[in-house]
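Let's take a walk through this one, starting with its aromatic residues and then stepping back to the whole chain. Have the viewer ready.

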Amino acid sequence: WGLVLLAAALGATAAARCPAPCVCDNLRAHVLCLNGSLTAIPDTIPELTRKLDLRGNSFMVIPAGAFLATPYLTHLDLRHCKVERLEEGAFRGLGRLVYLNLASNGIAFLYQESLDGLFSLQQLILEGNRIEEIQPGAFGHLASLTVLDLRANALVYLPDMIFQGLQVLRWLRLSHNALHVLGADAFAALPALRRLSLDHNELQALPGEALARLDGATRLDLGHNPITYVAEEALAMASLRHLFLDHASLQDVAPDAFARSPQLRILDLRENQLQGLPPLAGAGGLVRVSLDGNPLLCSCLLRPFHKWLARARVQAEGACAAPPALRGRSLNSLKSPEMRCSRLRPPPSPTAPPEQPSSAGSRQCPQGCVCSPDFHHGSCENRDLREIPRDFPEDTRLLDLRRNRFRTVPPDAFPGLKELVSLHLQSCSIRELQPGALQGLESLVYLYLTDNHLSTLEAAAFEGAPQLAYLDLDHNAFTRVPAGTFWLLPNLISLHLQHNAIGELVEGDLAGARGLRWLYLAGNGIRHIAPAALAPTKMLEKLQLEGNHLSEVPTAALRGLPALSELKLSRNPIKHMGDGVFLPVASSLQHLYLDNMGLEQISPHAFTGLGPKIRSLYLESNKMSNIPDMNNFTGLEILNLQDVPFHCDCQLLLLHRWINKLNLCVGATCGSPAEAQGLKVKLSTTFQTCPGWGQGEAGETNPNKTKAASKSSKKKRLGKSPARGFSKSRA
C-alpha cells in the first residue's frame, strides 16, 4: 500500500505540473504537446514522463540540457518543430532514451557533441532535414544505436570513419541525398551493419572500395543512381544476399562484377539501359535476376547469358525489346535457335571509367595548425591568422579556417589540395575572393563563407572548382544576388544567401544555376521577384523566402518550377491572398509556410490546385477570420492554426466540421463572438444554432458513431504514417 500511495502522490504531482498546452496521461507516463505555439521546451513536464511528443511546435534551437528535468524519457518526438540547431549537450541527461525522432526540421549541421549522452539510444530519425555535413565524432556516443535514418537531407560527401562508434548499427538509411563522393573508409566502423540504403543519390560509379568494409551487410540498395558500368570484381561484400541496382543508367556489367560476393541471391537490374548481360562468373548462389524495363536485344549475343541462366538455374525476369520478331517474349520462354544474329551488329560496349589513383599525401602541417591523418582534416580555427596558411597534407579533405582575419582570399590560395572536399572560412572578415582564389580545388564540394563582409563576387573566383555543390554566403553584405557567378558552377545544388541586404531578384540573377535544388533567401529585404528571376532553376525543390518584405505571393516567378516541394513565405507582410496564387506549383508542393504574416484575408479560391500532396500547412499567427475549403487536403500531417482569431459563426460551420474529421491537433481558437472567445473551434457550441447543424453533425447526434469513426480514422492514419514509440496520434 505504501508503494500505491507513493505512485498516487507522484501522479497527483505530475498532473499538477502538466504544462497548459499539453495533455498528460499519467497512467502511461505520456505527455503530448502537439501542433502548439511552444517556442521553448516546457520546464514543467512531469519528471517521470517516459514518452514525450512535441510535434509541430517552433523551437528553432534545442539548447544544452533542454531535457535535464525529464531523465526517465524513453521516447522523444520532435518532428516538424522548425529546429535549425542542436547545441552541444542538447540531450544530456537522457541516458534512458531509446527513440529520438527529429524528422522534418531544418537542421544543417551535426556537431561533435550534439548527440552527447544518448548512450541507450536505439533509433535516431533525422529524415527530411537539410544536413549538409556531419563532423567526425558526431555519432561517437551512440553505442546502442541500431537504426540511423538520414534520408532526404543534403549530403554530398561522406568522409572516412564518419560513423565511428556505431558498433551495433544494423540499418543505415542514406536515400534521397545528393551523395557522389564517399571516402574509402566511410563505412569502416560498422561491424554489425546488415542493410545499407544508398538509393536516390548521385553516385556515378559503384563505390566498391567503401562497400568492401561491410563484411556483414546482407542488403544493399543502390537504385536510382546514375551508375553506367559495373566493373570487374567491383563488389566485394562477403555476406551480401540482395543487391538493388534498379532505375540506374547501366549500359554494361563485367562478367566477374559480382565474383567477390559469393552469397548474392537476388540481383535487381530493372529499368536500366542494358541490351544484354554476359554469364555472371563466380555468382554461383544467384537465384533471381530482374531485368524488366531494359531494352534487351535477344540476338545470338545473348545466347551465352541465356545458357548460363539454364545451367545455373537462375530465374530471369525480363522481356525482349528486339528484334521485332521476338519483341515482348519473356527470357524464360526463349529457345537458343530463335536468337539469331543476321544483319545485327553488336552494341558498342562502354569502357569502364578509369580508376582514380589515391594519394597517400605528405604529412606536413603548417605551424600552429592541427592535421589529422586518420580523418584527413586540417584545422587552424581561431588562431588570429592574417594570411591563409599553406603546406597542408595533399590528402586533406576538410580544412577548417574559421574565425581568423584574412580579409581577402588571394589567387591560388590552396595549392596542392586536389582532394579537398570541404572548406570552412566562416567569420574571417573576408571582403574579397580574388580571381583564381579556388584554383586547383577540383574536388571541392562544400564552401562556407558565412559571417563575412562580402558584397560582390566575381565568377573567376570559382574557376578551378567545378564540383562545388554547396555555397554558403549567409550573413554577408550582398545587396543583390551575385549575378554571373554561377556559370562556372555547373554542379551547384544548394545556395545560401540568408540574412544579407538583397532588395529584389531580377532576371539573370541566377543565370547558369541549372542544377540548383535548394535556395535560401530568408532574412533579406526582398520586395519584388521578377517573373523570370527563377526561370534558370528548373530543378528547384526548396525556396525559402521567410522574413522578407514581399507584399504578395510571387505567383508569376513560381512558373516553370515543376519540382518545387517546399515554399516558405513566413514573416512577409502579405495581407491579402488572391485566387490561384499557388497554381504554378500546385502539382508538386508538399510543404507551405504562411505563418506570422499578418494575413487578413484569403480568397475562397486561393488554394485552387492544391490538395492531397500537401503534407504540412502552417497558417498560425495571422489575422484572418476564415480560411478556404480544404476538404481535399487529405494528405495533411501537420496543420497549424494557432493564434488565428476565427469568427465562430455559421460561415465557419464547414471548417468546424472539417476540423472535427481530422485526426490532427490544429490549435484553431475562436476570436469572436464574445460568447465563444477563447474556445477551441471544434468545441464551440455557437454552431448548434446554424441551419443544417443536425444533418452534418453525426458526431453530435450519435456519440457511438463518432467513437467508431474516430477509431477508424485513427487506424487509417496510423497505417499511413506510424509514429514509432507513440501508440496513436492525438486530435
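Which residues form one aromatic cluster? Phe109, Tyr446, Tyr448, Tyr470 and Trp518 do. Keep in mind that this is a predicted model.

Searching the whole structure turns up 11 aromatic pairs. Take Phe607 and Phe633: their ring centres are 6.0 Å apart and the planes meet at 45°, so this pair counts as tilted. Phe607 belongs to the loop between β41 (601–602) and β42 (616–618), while Phe633 belongs to the loop between β42 and β43 (638–640), so the pair ties together parts that are 26 residues apart in sequence.

## Charges over rings

Two spots are worth a look if you like a charge over an aromatic face. The charged end of Arg130 sits over the ring of Tyr520, 4.9 Å from the ring centre. Over at Tyr593, Lys568 lies over the face of the ring, 4.6 Å from its centre.

## An exposed loop residue

Now for a serine. Ser587 sits in the loop between β39 (576–577) and β40 (591–593). Is Ser587 buried or exposed? With a relative accessible area of 54%, Ser587 is exposed, because the cut-off for that is over 50%.

Follow the chain for 26 residues from Ser587 and you get to Lys613; the C-alpha atoms of the two are separated by 7.6 Å.

## The chain as a whole

Stepping back, the secondary structure comes to seven helices and 45 strands. The chain has 731 residues, and 52% of them count as buried.

What share of the contacts with a separation of 6 or more comes from residues 24 or more positions apart? Those residues account for 54% of such contacts.

## Empty space inside

Rolling a probe the size of a water molecule over the atoms shows where empty space is left. Here, a search of the whole structure finds one cavity of 30 Å³ or more. About 40 Å³ of space lies in the largest cavity.

To find that cavity in the viewer, pick out the residues lining it: Pro389, Arg390, Asp391 and Phe392, along with Ala413, Phe414, Pro415 and Leu417.

Technical notes
Residues numbered from 1 in each chain as written. Predicted model: local features only at pLDDT ≥ 70, side-chain atom pairs only at ≥ 80, totals over all residues. Heavy atoms only, no water. Phe/Tyr/Trp six-rings, centres within 6.5 Å; stacked < 30°, edge-to-face > 60°. Helix = DSSP H or I, 4+ residues; strand = E, 2+ residues; numbered from the N terminus. Lys NZ or Arg CZ within 6 Å of the ring centre and 35° of its normal. Buried < 20%, exposed > 50% of the residue type's maximum accessible area, 1.4 Å probe, protein only. Contact = heavy atoms within 4.5 Å. 1 Å grid on protein atoms, 1.4 Å probe; cavity = no way out; pocket = protein on both sides within 12 Å on 5 of 7 lines; lining within 4 Å. Points joined across faces, edges and corners; volume = space filled by probe spheres on them.
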